Amino acid sequence: MKKVILIGVTILTAISLAACSSNSNSESKNSSEKSTTKSSNKPTLEIPESVVADSSQVAEILGKTTPNTKVKINYEIIGNYQTSDKAGNFTLKYEIDSNTDQDTVEVTAQNKDGKVTKEITIKQNPEVIKKKEADAKAKADAEAREKATTDSKAKADAEAREKATADSKAKEDAAKKAADEAAAREAAIPREYKDALSKGEDYLSYTAFSKLSLKEQLIYEGYPDDAAQYAIDNIKTDWNIQALKKAKDYLSYDSFSNTGLREQLIYEKFTPTEADYALANVPK
């Protein structure tokens, strides 16, 4: 009896182990099938390597992924996330900066089973680049013209200053030379000549003389002829005015006809022209 019981227990135990093994294999298979099913839903992503922006600097990225999958550019996009349609198609827009010729961005497709990311190059619109280059050239040309004008004006101002300085120095040199020459001439004049000039100026300060009468007076004072002539040549006076003064002196103490007054002035050795000037300007 005991032996039979043992065999029965052994058989039951074997049957139980076999059942457990079968269940384990079944669960493992189901898990594997679920895992295979899950991985097959991971999104795909098809996008071009590059696109060109339009004239408004906006580029359209046309791509394809798994249906009903969210897609985005980098971490921010226009209009939040985009969701692909039932066929997996999507369109994203990206505005490229006007200061750059191209930009590289990431496009990401993501669903609950995973995500995939690819890079795409956004190229600036050729017309925008052309305009930017034209604007840059125009600006450079304007700056070059302005610099040339500034440089030209600076050069002209410098040349004007140099000329003004040279002219001023030339005038100063000429004035100094003239002064030196005058001083040299003055130093070369004999003392007696200078004294004759001074004596002639003294006479004219209190009475009127003609040239010849003043020269005779100086010679009478003992000055040699050449000294007296030097005085007459260098004395600063108007001999017409001297004739008028002499005429007024005569009329202040005596009466004269025009002819008599003229003859008196000629007698005083005034020239006919000087006498006529005096007659024309005495009080009527």
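**Notebook: aromatic pairs, sheets and a helix contact**

I searched the whole structure for aromatic pairs and found 5, counting rings of Phe, Tyr and Trp (its six-membered ring) as a pair if their centres lie within 6.5 Å, with planes under 30 degrees apart taken as stacked, over 60 as edge-to-face and the rest as tilted. This is a predicted model, in which local features need pLDDT of at least 70 and side-chain atom pairs count only at pLDDT 80 or more, while totals for chains, interfaces and linings use all residues. Residues are numbered from 1 along each chain as its sequence is written, and side-chain values use heavy atoms, with hydrogens and water left out.

I looked up Tyr193 and Tyr230 and noted that their ring centres are 5.4 Å apart with the planes at 45°, so this pair is tilted. Tyr193 belongs to helix α3 (residues 191-206) and Tyr230 to helix α5 (residues 225-234), so the pair ties together parts that are 37 residues apart in sequence. For helices I used DSSP runs of H or I with at least four residues, and for strands runs of E with at least two, numbered from the N terminus. I then checked burial, and both Tyr193 and Tyr230 are buried, meaning under 20% relative accessible area, where exposed is over 50% and partly exposed lies in between (1.4 Å probe, protein chains only). I also recorded one aromatic cluster, formed by Tyr203, Tyr206 and Phe209.

Next I turned to the strands. The chain has 8 helices and 8 strands, and I took two strands as paired if DSSP finds at least two bridges between them.

A hairpin connects β7 to β8 through 2 residues; I noted Asn111 with its bridge partner Gly114 in β8, and Gln102 with its partner Lys123. On β2 I found 3 bridges to β8, with these two strands running parallel, and here the bridge partner of Val52 in β8 is Lys123.

I listed a second open sheet, of 3 strands in the order β1-β3-β6, with antiparallel pairing. Its edge strands are β1 (45-46) and β6 (89-95), each of which pairs on one side only. β1 is antiparallel to β3 (residues 58-65) over 2 bridges, and Glu46 has Lys64 in β3 as its bridge partner.

Ala243, Lys246, Ala247, Tyr250 and Leu251 of α6 meet Leu261, Gln264 and Leu265 of α7, contact meaning heavy atoms within 4.5 Å.

For the chain as a whole, I noted that buried residues make up 24% of the 284 residues.
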